[in-house]
Amino acid sequence: MVTLKFVDGNEEKFTKFVDRVLKFCKTSHVKSFRLHISSYGVSQSSILNWIDNTVRLNVRELDVCVIQSELPLSLFTCKTLTDLRLEPSECDLKGWEFPSKIYLPCLKTLDIFLCDNPLAIQGCCPVLESLSLDVSCYVEQDFILNIPTLKRLNLLCISIYDDDNRKIILRLPKLEYLFVDGELCSLFEMEDVSSLCRYTLCGRDSARFDLVSTRLCPAQARRHDIPPLCAPEFDTRSTERREPVPGDTSP
């Protein structure tokens with residue numbers, strides 16, 4: 001299967017080149033499509049058409065890093081997509097917006113940065129196993145993530161508050177790996193940690209952030225022999241579960 005990678009250069013030549021490649025692409029399946037654009041010189045309509053054409057070519061892996069535009073609706077109902085990465089370019093601070101209708105039946109890996117409504121994916125990706133996303137603590141309600149199939153989760157927490165009573169609630173019974181970074185000002189709750197093998201918690205330096213206070217419910221941690229997920233101020237900690245070995249009496 002074909003792999004297509006496009007990184008912008010001269011805007012006019014770049015647009016014509018991508019147009020021609022997709023126009024004369026004879027394959028019915030694209031293994032991977034990478035589109036990285038940092039320039040305003042490439043039109044939004046071109047970006048939308050390129051992604052839509054790639055979806056029509058039954059793309060499996062899609063990596064998009066652009067100055068954000070409205071994404072084609074066909075992307076969010078693509079039946080062949082297994083890996084999706086959406087990232088704004090460095091000069092763009094707008095957030096992605098998921099449409100109301102999403103169904104990605106084969107999607108296993110989703111990496112999305114600066115998303116305004118990340119919870120929209122719940123119930124729409126029945127085989128999702130790996131997820132990376134930003135969690136904003138600016139909103140007033142709790143952030144509740146409920147994805148029964150998820151095994152790997154990377155969260156970047158964003159907040160302006162020194163102290164926050166809102167919660168990040170994870171209902172992920174198959175979760176094996178958890179990585180949390182950013183302004184860790186919300187309480188974490190996990191209702192089932194029986195599959196958790198490893199977690200990593202990173203707090204950034206005090207010149208940028210005032211408080212790191214993130215923890216797993218102690219009662220749940222004791223029940224599954226996992227230390228409470230607790231980070232003292234600006235600490236970085238990685239903990240790995242160790243399965244008991246017969247005859248081993250070490251702590």
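Visitor: Is Cys125 buried or exposed?
Guide: Cys125 counts as buried, at 6% relative accessibility. Buried means under 20% relative accessible area, exposed over 50%, and partly exposed in between, with a 1.4 Å probe and protein chains only.
Visitor: What should I know about the model itself?
Guide: It is a predicted model: local features need pLDDT of at least 70, side-chain atom pairs count only at pLDDT 80 or more, and totals for chains, interfaces and linings use all residues. Residues are numbered from 1 along each chain as its sequence is written, and side-chain values use heavy atoms, leaving out hydrogens and water.
Visitor: New topic. Where is Ile121?
Guide: Ile121 is in the loop between β5 (109–112) and β6 (130–136). Strands are DSSP E runs of at least two residues, helices H or I runs of at least four, numbered from the N terminus.
Visitor: Which residues does Ile121 touch?
Guide: Phe98, Leu110, Leu128, Leu131 and Ile147, not counting residues up to four places away in sequence. Contact means heavy atoms within 4.5 Å. Ile121 counts as buried, at 4% relative accessibility.
Visitor: What about phi of Asn58?
Guide: Near 60°, a positive value in a residue other than glycine. Asn58 sits in the loop between α2 (44–56) and β3 (61–66).
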